[in-house]
Amino acid sequence: MAPLLAAGYGALDDEFKGDPFDLEGAVTAVALKIEDEGEARWIVNCLDVLQVFDREDVQLRLEPLLRQCVTLRV
């Protein structure tokens, strides 16, 4: 599971670069990367449960600490 979640997080990081997005936008971005919408929805839901999103009203941002980990490949 971890490689799928990392791929999903990486897809979001590549697509949004810190800009706010919504859950459906996140699913679309991940689905384009992995070419499976059902699996993309599962990945985004898991990331949401793991609280990797910094919520701002109805928009989401990727958690800055996790963004730094992805950048550093930690």
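Trainee: Which residues in H3 do Leu4, Leu5, Gly8, Tyr9 and Leu12 in H1 meet?

Mentor: Keep in mind that this is a predicted model. The axes of H1 and H3 come within 9 Å, and the contact between these two helices has eight nonpolar, one polar and one charged residues. On the H3 side, the residues that Leu4, Leu5, Gly8, Tyr9 and Leu12 of H1 meet are Glu39, Trp42, Ile43, Cys46 and Leu47.

Trainee: How are H1 and H3 oriented to each other?

Mentor: Their axes cross at roughly 90°, and angles of 65 to 115 degrees count as roughly perpendicular. H1 and H3 are therefore roughly perpendicular.

Trainee: At what angle do the axes of H1 and H2 cross, and which residues of H2 make the contact?

Mentor: The axes of H1 and H2 come within 9 Å and cross at roughly 110°, which makes H1 roughly perpendicular to H2. From H1, the contact draws on Gly8, Ala11, Leu12, Asp14, Glu15 and Phe16, and by class the contact of H1 with H2 has six nonpolar, two polar and three charged residues. The H2 residues that make this contact are Gly25, Ala26, Ala29, Val30 and Lys33.

Trainee: What is the handedness of the crossing where H2 passes H3, and how do the residues of the contact divide by class?

Mentor: The crossing of H2 past H3 is right-handed. Leu23, Glu24, Ala26, Val27, Val30, Ala31 and Ile34 of H2 make the contact with Glu37, Glu39, Ala40, Arg41, Ile43, Val44 and Asp48 of H3. By class, the residues of this contact divide into nine nonpolar, no polar and five charged.

Trainee: How many residues apart in sequence are the parts that the pair of Asp14 and Lys33 ties together?

Mentor: The side chains of Asp14 and Lys33 meet in a salt bridge, with an N to O distance of 3.4 Å. Asp14 lies in helix H1, residues 2-16, and Lys33 in helix H2, so the parts that this pair ties together are 19 residues apart in sequence.

Trainee: Of these two partners, is Lys33 buried or exposed?

Mentor: Asp14 is partly exposed, with a relative accessible area of 45%. Lys33 has a relative accessible area of 51%, and the cut-off for exposed is over 50%. Lys33 is accordingly classed as exposed.

Trainee: How many residues apart are Arg41 and Glu24?

Mentor: The side chains of Arg41 and Glu24 meet in a salt bridge of 2.8 Å, N to O, and both count as partly exposed, Arg41 at 30% relative accessibility and Glu24 at 44%. Arg41 is in helix H3 and Glu24 in helix H2, so that the pair links distant parts of the chain, and the separation is 17 residues.

Notes. Residues numbered from 1 in each chain as written. Predicted model: local features only at pLDDT ≥ 70, side-chain atom pairs only at ≥ 80, totals over all residues. Heavy atoms only, no water. Left-handed = near helix turned anticlockwise from the far one by under 90°. Helix = DSSP H or I, 4+ residues; strand = E, 2+ residues; numbered from the N terminus. Contact = heavy atoms within 4.5 Å. Nonpolar A, V, L, I, M, F, W, Y, C, P; charged D, E, K, R; others polar. Salt bridge = Lys/Arg side-chain N within 4 Å of Asp/Glu carboxyl O. Buried < 20%, exposed > 50% of the residue type's maximum accessible area, 1.4 Å probe, protein only. Axes fitted to C-alpha atoms, helices over the stretch in contact; angles between N-to-C directions. Parallel < 35°, antiparallel > 145°, perpendicular 65-115°, else oblique.
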